[in-house]
Structure formats: structure tokens, C-alpha cells
Amino acid sequence: MAIKVKAVERQLKVGQHAGKYRFMMQAEIYNTLSAQKVISEASVRSGIAEGALSAAWDAIGEVVKVWATEGHSIAIPGLGRMRFGVRATSVDDVNKVSTGLITTRRVIFSPSVEIKDELKETSINITCYDREGKVVKRVTSSDPGNIEDPEQDNDNTGSNTGDNTGGNTGGGNNGGGEPNPDGSTED
């Protein structure tokens, strides 16, 4: 098993390399598995009827929504924890504090040690494409398999990875309400 990544040569529009072509990497997302496919596979692996698993899946989803919106961090067995958080602009006067300062509501997922270990040991295959879309190189990983930990990453050096369905997987997570360089905070 390997994670497939593509590196596409693109002209940057902003930043210190604006106007230059650089290879931008992102994980290739095969497709989104439906809940029914996951339930069917879990039924085969566990011997539990699909109907029972489906009812449990729905109930767990409802419990997670209710408890997370009450401020709880929810353990997801075998996967990790999730919680809701916000990113907000900081102010210098308590009288200026309001919900209008909240710029983003977020779902924060912290993977379990087992998931991190699995990811760390999974090889990565990179296919490089030039600006015309031709394959110019293939690489198989020999990296140390470092895993980002959103609960402990306070350096704001992460980057957006994945396609538009993946979202931001790094940077800016200061936990504990510490300010970001742009004056916003997140929790």
C-alpha cells in the first residue's frame, strides 16, 4: 500500500517565487467512499449485520454532533479525537470581544498513535508532471515519515495539501488561543 502524490509544475502567482514555475505536490484523492460501502466492509470484517452497523453508525454520528457542539472532544475508537474549534481576530480591549470576531468555525481531528504509526510506515509514490502535463519523473519515498500533530504544531509552517476536498492540513494551529501572525487565534 502506498500514498500517491502528484507534483505538478505550475507558475506561482504570489509570494517570493511569483512568476516562476515550481513543482507543487498534493496527495491524489481516489474518491470518497460512501458510508454504505464502509458499513458493508465493516460487516464483512466483523460478522455484524449491515442493518445493525448502519443503525450504530447513524447513532454515533448524532452523538458526536451533539457532544461536540457542547464543547466536548470526542474519542473515535481506533482513529483519534475530534472537536470543534474557531479561528478569530484578536482585540486589545475586552469590550470589543464579540462573536463577530470569529472568522472560521473548524473541525479539528487529532489522529491516534496507531493511525500515525500506520501513516508513518506507508510509502509514498510521487509522479511529477511538467507544465504540459507530461510525466517527467517518478519517485518512491525514503523520507523519515514525519507526521504532523495538530495538537502540538505551533510553528505556523504547515501548508495546504490535498485537493479542494482535503482542506488545510497544517500551519496556523496554535491551540490554546495563541495569536497567529495575522492577529487571529484558533482553538
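**Helices, hairpin and surface patches**

Tutor: Let's start with D58, which counts as partly exposed because its relative accessibility is 46%. Here buried means under 20% relative accessible area, exposed over 50%, and partly exposed in between, using a 1.4 Å probe and protein chains only. Before going on, note that this is a predicted model: local features need pLDDT of at least 70 and side-chain atom pairs count only at pLDDT 80 or more, while totals for chains, interfaces and linings use all residues. Residues are numbered from 1 along each chain as its sequence is written, and side-chain values use heavy atoms, leaving out hydrogens and water.

D58 sits in helix α2, residues 50-69; helices (H or I, at least four residues) and strands (E, at least two) are DSSP runs numbered from the N terminus. Helix α1 covers residues 35-46 and contains V38, which is partly exposed because its relative accessible area is 31%. Patches take residues with over 30% relative accessible area and no salt bridge, joining nonpolar side chains (Val, Leu, Ile, Met, Phe, Trp, Tyr) within 5 Å and like charges within 9 Å. A salt bridge is a side-chain nitrogen of Lys or Arg within 4 Å of a carboxyl oxygen of Asp or Glu, and the areas come from the Shrake-Rupley method with a 1.4 Å probe, where for residues only the protein chains shown count as cover.

Moving on, E70 is in the loop between α2 and β3 (74-76) and counts as exposed because its relative accessibility is 54%. Its C-alpha is 9.8 Å from that of R83, 13 residues away in sequence.

Now to the strands. β3 pairs antiparallel with β4 (residues 80-89) over three bridges; pairing requires at least two DSSP bridges between two strands. A75 has R81 in β4 as its bridge partner. Three residues separate the strands of this hairpin, where G78 takes a positive phi near 80°. β4 also runs antiparallel to β5 (residues 102-111), joined by nine bridges, with V86 opposite R105 in β5.

Finally, E121 in helix α3 (residues 113-121) is exposed because its relative accessible area is 70%. E114, D117, E118 and E121 form a negative surface patch. Asp and Glu count as negative and Lys and Arg as positive, with His and the chain ends not counted; each charge is placed at NZ of Lys, CZ of Arg, CG of Asp or CD of Glu.
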